[in-house]
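Here's a quick briefing to read with the model open. Have your viewer ready and follow along topic by topic.

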Amino acid sequence: MANLEDRTDLPDKIKAIFNFFNSDEDEYLNYHEFLAFLRIVNPAGAPKFDFTAFTKWCQRVNANPDKGLTIDNLYVTYRDLDNTEEALKLHYDKVMVTPRPGWINQLQTLYTDTKEAQQKKVREAIDQVQKSNAERGEMLRKALIELEIGEERDMARNRRQRSPPLPNLD
């Protein structure tokens, strides 16, 4: 990836936003990466942003929709706004409070899976939880049995220790 830090013609906030969403580090924000960006900066508008809208947006900023937006295309996007500095600061602040590890892949999976695939994943997660709970329940049951056995042993030992010695009949 080109070193964006050396690009003095681009504001640092644009570099940070671009790097944040360019999860595959290919120098392009593809549809899923750009959609993730929109979900953070414009949650109300993101659900309406399908691939056709992405294609039109790419054409507007002279980008190739098959590859995605370059950092220069993102810069043009902000430059064309009436309130560039205000929007950029607002978006930067929203992005920088968002946790990154793995969430773009989760978003991609969530929005590219069919409804059946999503339901299957939910069922699998529920099955894992139920299995885990069953295993924990079995461990707890065994622990309780061992505790009861231990208590019975302790009670029997205490009874033996407290009972008076048997008389010697010799």
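Predicted model: local features only at pLDDT ≥ 70, side-chain atom pairs only at ≥ 80, totals over all residues.

Residues are numbered from 1 along each chain as its sequence is written, and side-chain values use heavy atoms, with hydrogens and water left out.

**Salt bridges**

- Searching the whole structure turns up 2 salt bridges (a side-chain nitrogen of Lys or Arg within 4 Å of a carboxyl oxygen of Asp or Glu).
- One of them pairs Asp 12 with Lys 15, at 3.7 Å from N to O; both sit in helix 1 (residues 12–21), 3 residues apart, or about one turn. Helices here are DSSP runs (H or I, at least four residues), numbered from the N terminus.
- Asp 12 is exposed at 57% relative accessible area, while Lys 15 is buried at 3%. The cut-offs are under 20% for buried, over 50% for exposed and partly exposed in between, with a 1.4 Å probe and protein chains only.
- Lys 89 and Asp 93 make a salt bridge too, at 2.7 Å from N to O. They are about one helical turn from each other, because they are 4 residues apart in helix 5.

**Helix 2 against helix 5**

- The axes of helix 2 and helix 5 (residues 84–96) come within 9 Å and cross at roughly 100°. Axes are lines fitted to C-alpha atoms over the stretch in contact, with angles from 0 to 180 degrees between N-to-C directions.
- Phe 37, Ile 40 and Val 41 of helix 2 make the contact with His 91, Lys 94 and Val 95 of helix 5; contact means heavy atoms within 4.5 Å.

**Glu 33**

- Glu 33 belongs to helix 2 (residues 31–41) and is buried, at 1% relative accessible area.
- Leaving aside neighbours within four places in sequence, Glu 33 is in contact with Phe 21, Asn 22, Ser 23, Asp 24, Asp 26 and Tyr 28.

**Leu 140**

- Leu 140 lies in helix 7 (residues 115–162) and counts as exposed, at 52% relative accessibility.

Terms used
Helix = DSSP H or I, 4+ residues; strand = E, 2+ residues; numbered from the N terminus.
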